[in-house]
Amino acid sequence: MDAQTGAPVDAEIFDEVALAHFIETQAEWRPVILAAARALSQQPNQGLLIPRHFHWDWTRKEAELKLLAVKFYGLGCEGKLQGIMKVETVAHSCRLPEQQGKPLVYIDYVESAPWNIKKLMGALGQPQRYRAVGTRLFEAAVLQSQEEGFRGRLGLHSLPGSEGFYINECGMTPVGRDPHKENLLWCEFTPEQAERYLAGE
Amino acid sequence: MNQKRTMTLNLTDQEMSVLDQLSVQKDLSKTALIRQALRLYQLVDARITRGEKLFFEDQDKQKAELMVL
Amino acid sequence: MKFNKDRNWLTKRAEQEDRHFISVGGLISRIDPEWQADVSSVPNVETTKTAFVRLLQLARRERRLSLEQLAQKADVDLGELVKIESDESFKPTPRTIHQLAEFLKLPAKKLMALAGLLKIKDFGLQQASVRFAARSEPVEDVSPEEHAAFEEYVKFLNEQ
């Protein structure tokens, strides 16, 4: 959705993104993110937002591109990637007791271009470009889960700042903190929750 | 790329029984289950080929190496 | 894939998304609420960690030591050493830094700061680290240029 006009915009979601494209995209986003984070850190209530190291071991990801279990998504608009996502279907399964051990789509990584993130652009005094980019990617992951036969079951490790979003706005169940993943909160969708999310409740 | 092809599988009674049981347990169609199995096999194989090892760890934190594929 | 085309749905979701940082993984997610660093040290956080890793690598190779040998001589965990050199986001334990500092005859507190265990307020240290990181490359043989850069950096660390 175009942030300025509020008009919906056509975008393409493709589920095969070349690694080079991914890396290029990230490299393009990085200086903007750092600049915005710096600007944010100067505001009194935003002590949160200072990036530490960023590591994304791309040499390994190259090998992962050929794995059936892994999918890379890109949301394209204006000839550029506006958001990217990586999901996996095998390495994780459901942890909620009622669906323990059942397969799910795991969102390993999802990120919008910095110019689409309201808070970052606000700090830089610049306009937000597109809205709902992350949402569309998230939706794609849920839809994939349904298409795979996983009935919409989805899992992810939420960052501290987004727990409210995934639990309250998306309706996921917070299952517990994962000591193997920096104590991040594991959030999960049941089939019913996934349906409700897609339908818009 | 997402075009699908059909294949016939010849399985023993025991294999079919396991397939049935796992399908129910995982709430998956048999096709989806076989697909998951294939993905898992490829993923494990890729890492072992790279020189990594696969271990199981029991409740007492004892590690045992899984068979090398 | 059948995406929801309802405009109200999209608007509502957009509003929700705008109120948060929803990325998983990636640069934005590396946000630490406890890291109240000075703004001036923000761009250099990665570089000092890189300088730290390069410093270790060069110090090790100057002494012609393998990782195992270094682990043994400095009495540190080999697994940790491997992680330090290969995983950018890995934070070593204070004891390991201390042991390495002792063995390599480098000031422990500086090493801790470089490794990201302590806050850096020293602009001079940052500058020197950036220069060193830029001049050293992770290759097998230590070139004369690397050697010179290494010597200079070590001297600087010891001086202050």
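**View 1. B:K26 is partly exposed, because 19 C-beta neighbours lie inside 10 Å.** Partly exposed falls between buried (20 or more other C-beta atoms within 10 Å of its own) and exposed (12 or fewer), with C-beta atoms placed from the backbone. The model is predicted: local features need pLDDT of at least 70, side-chain atom pairs count only at pLDDT 80 or more, and totals for chains, interfaces and linings use all residues. Residues are numbered from 1 along each chain as its sequence is written, while chains are lettered from A and ligands numbered from 1 in the order written. B:K26 sits in helix α1 (residues 13-26) of chain B. Helices here are DSSP runs of H or I, at least four residues, numbered from the N terminus. Leaving out residues up to four places away in sequence, B:K26 touches A:K102, A:P103 and B:L33. Contact means C-beta atoms, placed from the backbone, within 7 Å.

**View 2. The largest nonpolar core holds 42 residues.** Such a core is a set of buried Ala, Val, Leu, Ile, Met, Phe, Trp, Tyr and Cys residues joined through C-beta atoms within 7 Å. A:M85, A:V110 and A:L137 are among the members that touch the most others. Helix α4 (residues 133-148) of chain A gives the most, six residues. A second, separate core of 24 residues includes C:V53 and C:F132.

**View 3. A:V110 has contacts in chains A and C.** Beyond neighbours within four places in sequence, A:V110 meets A:M85, A:G134, A:L137, A:F138, C:S23 and C:V24.

Methods. Helices (H or I, at least four residues) and strands (E, at least two) are DSSP runs, numbered from the N terminus. Two residues are in contact if their C-beta atoms, placed from the backbone, lie within 7 Å.
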